[in-house]
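Please read it with the sequence and the structure open.

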Amino acid sequence: ALGVHSATPMEQAVAFSIFANGGDMYKPTIVTEIRDRDGFVRYKADRNAVLTREVMRPELAYVMTHLLE
């Protein structure tokens, strides 16, 4: 039912990313790394820290990914 419910582009991106992430939903993170002028990393996002939860069994996410292809 695409287009039936109003959703922001970010909500849609998170929803479709669940398939690519094997059923896991991640909190969107825009900034993943910050470097100073000398090239030293001052901040690096930890992908595991933003895991929200598993919302779909991995095998279903796999099937959905291939159906969407």
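1. Patches, as used here, are made of residues with over 30% relative accessible area and no salt bridge, where like charges are joined within 9 Å and nonpolar side chains (Val, Leu, Ile, Met, Phe, Trp, Tyr) within 5 Å. Accessible areas come from the Shrake-Rupley method with a 1.4 Å probe, and for residues only the protein chains shown count as cover. Met10, Ile30, Val31, Ile34 and Tyr43 make up a nonpolar patch on the surface, and together they have about 520 Å² of accessible area.

2. Basis of the note. This is a predicted model, in which local features need pLDDT of at least 70 and side-chain atom pairs count only at pLDDT 80 or more, while totals for chains, interfaces and linings use all residues. Residues are numbered from 1 along each chain as its sequence is written, and side-chain values use heavy atoms, with hydrogens and water left out.

3. Overall layout. The protein has 2 helices and 4 strands, with helices (H or I, at least four residues) and strands (E, at least two) taken as DSSP runs numbered from the N terminus. The order of the elements, starting at the N terminus, is α-β-β-β-β-α.

4. Burial and contacts. Buried means under 20% relative accessible area, exposed over 50%, and partly exposed in between (1.4 Å probe, protein chains only). Of the 69 residues, 12% count as buried. The protein exposes about 5,900 Å², and carbon and sulfur atoms supply 58% of that area. Taking a contact as heavy atoms within 4.5 Å, 54% of the contacts between residues at least 6 apart in sequence join residues at least 24 apart.

5. Met10. This member of the nonpolar patch lies in helix H1. Met10 counts as partly exposed, because its relative accessibility is 43%. The C-alpha atoms of Met10 and Pro28 are separated by 8.2 Å, although the two residues are 18 apart along the chain.

6. Aromatic rings. Rings of Phe, Tyr and Trp (its six-membered ring) pair if their centres lie within 6.5 Å; planes under 30 degrees apart count as stacked, over 60 as edge-to-face and the rest as tilted. The structure holds 1 aromatic pair. The ring centres of Phe16 and Phe19 are 6.1 Å apart and the planes stand at 75°, so this pair is edge-to-face. Both residues belong to helix H1 (residues 9-20), where they are 3 residues apart, about one turn of the helix. Which of the categories, buried or exposed or partly exposed, applies to Phe19? Phe19 is buried, because its relative accessible area is 16%. Phe16 counts as partly exposed at 41% relative accessibility.

7. Salt bridges. A salt bridge is a side-chain nitrogen of Lys or Arg within 4 Å of a carboxyl oxygen of Asp or Glu. How many salt bridges does a search of the whole structure find? The search finds 4. Among them is the bridge between Asp36 and Arg42, at 2.7 Å from N to O. Asp36 is partly exposed at 22% relative accessible area, whereas Arg42 counts as exposed at 61%.

8. Arg57 forms a salt bridge with Glu59, with the closest N and O atoms 2.8 Å apart. Arg57 is partly exposed at 49%, and Glu59 is partly exposed at 44%. Elsewhere, salt bridges that share partners join Glu33, Arg35 and Lys44 into one network. Within it, the side chains of Arg35 and Glu33 meet at 2.8 Å, N to O. Glu33 counts as partly exposed, because its relative accessibility is 29%.
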